[in-house]
Amino acid sequence: MTKNDIPKFAALSPTDYADVLGRSQVMEFGIRELWPRIPRLAGPAYTVHCPAGDNLMLHAAIYRAAPGSVIVVQAGDVDYAMAGGNVCAIAQNRGIAGFVVDGVIRDLAEVREAQFPVFARGVMPVPGHKKQLGTINQPVVCGGVRVSPGDIVVADEEGIVVIPVAQQEAVWQAARQRSEADAARSLTDWEANHRAKVEQALQSLGFTEVDSAL
């Protein structure tokens, strides 16, 4: 994914991609935007794994990830913050697109004021330690999804999807075609098609109007 590709991936929502990718590439709903009306986040993953109670590797990653990267963190717990206002500000100044953290952060007011996109499980004022090594730029599991370096992450209020790097162009093309087809269809046409599908599904399962009254 080049810098020029980022706008095209950001132009489609996680919903568009989920229709193509399926459930396995969508993170758990517990990882969500931490401030309202957060802009859509899209970019290649720079992956981090931190042991329980420790945030050293995330702090190291902000100086190593390329501009435009989405730092994706597998934290060891939700008892200690992975990052705070200053770390987020440095990452933002270095061109990092945002964080997706399977864990918690702190200093949310500062992060919100800076408009730095962070998706996480919540907020915890207790900071992590810096005493243990983890990994950076190696596969991690975040929100139940395996994320490899360079995978495309797209996140907004609708959810977070992970597009495997080897499939990025094919998935984008399929998602774009579905999105354009939906946009071109009127609600009346959509309703007619939808109703036909619903009735066909009911009929195939042997549903009768008597069943609905039971």
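A nonpolar core is here a set of buried Ala, Val, Leu, Ile, Met, Phe, Trp, Tyr and Cys residues joined through side-chain atoms within 4.5 Å; the legends below apply this term to a predicted model.

View 1. When residues up to four places away in sequence are not counted, Val100 touches Met27, Ile31, Leu41, Val70, Ile71, Val72, Val73, Phe119, Cys142, Val153 and Ile160.

**View 2. The aromatic pairs Phe9–Tyr17** **and Phe99–Phe116****.** A pair of aromatic rings is described by the distance of the centres and the angle of the planes. A search of the whole structure finds two such pairs. The rings of Phe9 and Tyr17 have centres 6.4 Å apart and planes at 25°, so this pair is stacked, planes under 30 degrees apart being counted in that class. Phe9 is buried, with a relative accessible area of 0%, and Tyr17, at 0% relative accessibility, counts as buried. In the pair formed by Phe99 and Phe116, the centres lie 5.1 Å apart and the planes stand at 90°, so the arrangement is edge-to-face. Because Phe99 lies in strand β4 (residues 98-102) and Phe116 in the loop between α5 (108-114) and β6 (118-120), the pair ties together parts that are 17 residues apart in sequence. Both Phe99 and Phe116 are buried.

View 3. The side chain of Asp156 makes a polar contact with the side chain of Arg40, at 2.9 Å. Leaving aside neighbours within four places in sequence, Asp156 is in contact with Ser13, Pro14, Glu33, Arg40 and Phe119.

**View 4. Lys8 over the ring of Trp172****.** The charged end of Lys8 sits over the ring of Trp172, at 4.3 Å from the centre of that ring.

**View 5. Helix α7** **and Gly206 just after it****.** Helix α7 (residues 187-204) has 18 residues, and from its first C-alpha to its last it reaches 25 Å, close to the 26 Å expected at 1.5 Å a residue. Just after α7, Gly206 takes a positive phi of about 75°.

Notes
Residues are numbered from 1 along each chain as its sequence is written. This is a predicted model: local features need pLDDT of at least 70, side-chain atom pairs count only at pLDDT 80 or more; totals for chains, interfaces and linings use all residues. Side-chain values use heavy atoms; hydrogens and water are left out. A polar contact is a pair of N or O atoms within 3.5 Å; within protein, one must be able to donate a hydrogen and the other to accept it, and residues adjacent in sequence count only if both atoms are side-chain atoms. Contact means heavy atoms within 4.5 Å. Rings of Phe, Tyr and Trp (its six-membered ring) pair if their centres lie within 6.5 Å; planes under 30 degrees apart count as stacked, over 60 as edge-to-face and the rest as tilted. Buried means under 20% relative accessible area, exposed over 50%, partly exposed in between (1.4 Å probe, protein chains only). Helices (H or I, at least four residues) and strands (E, at least two) are DSSP runs, numbered from the N terminus. A charge sits over a ring if NZ of Lys or CZ of Arg is within 6 Å of the ring centre and within 35 degrees of the ring normal. The expected span of a helix is 1.5 Å times one less than its number of residues.
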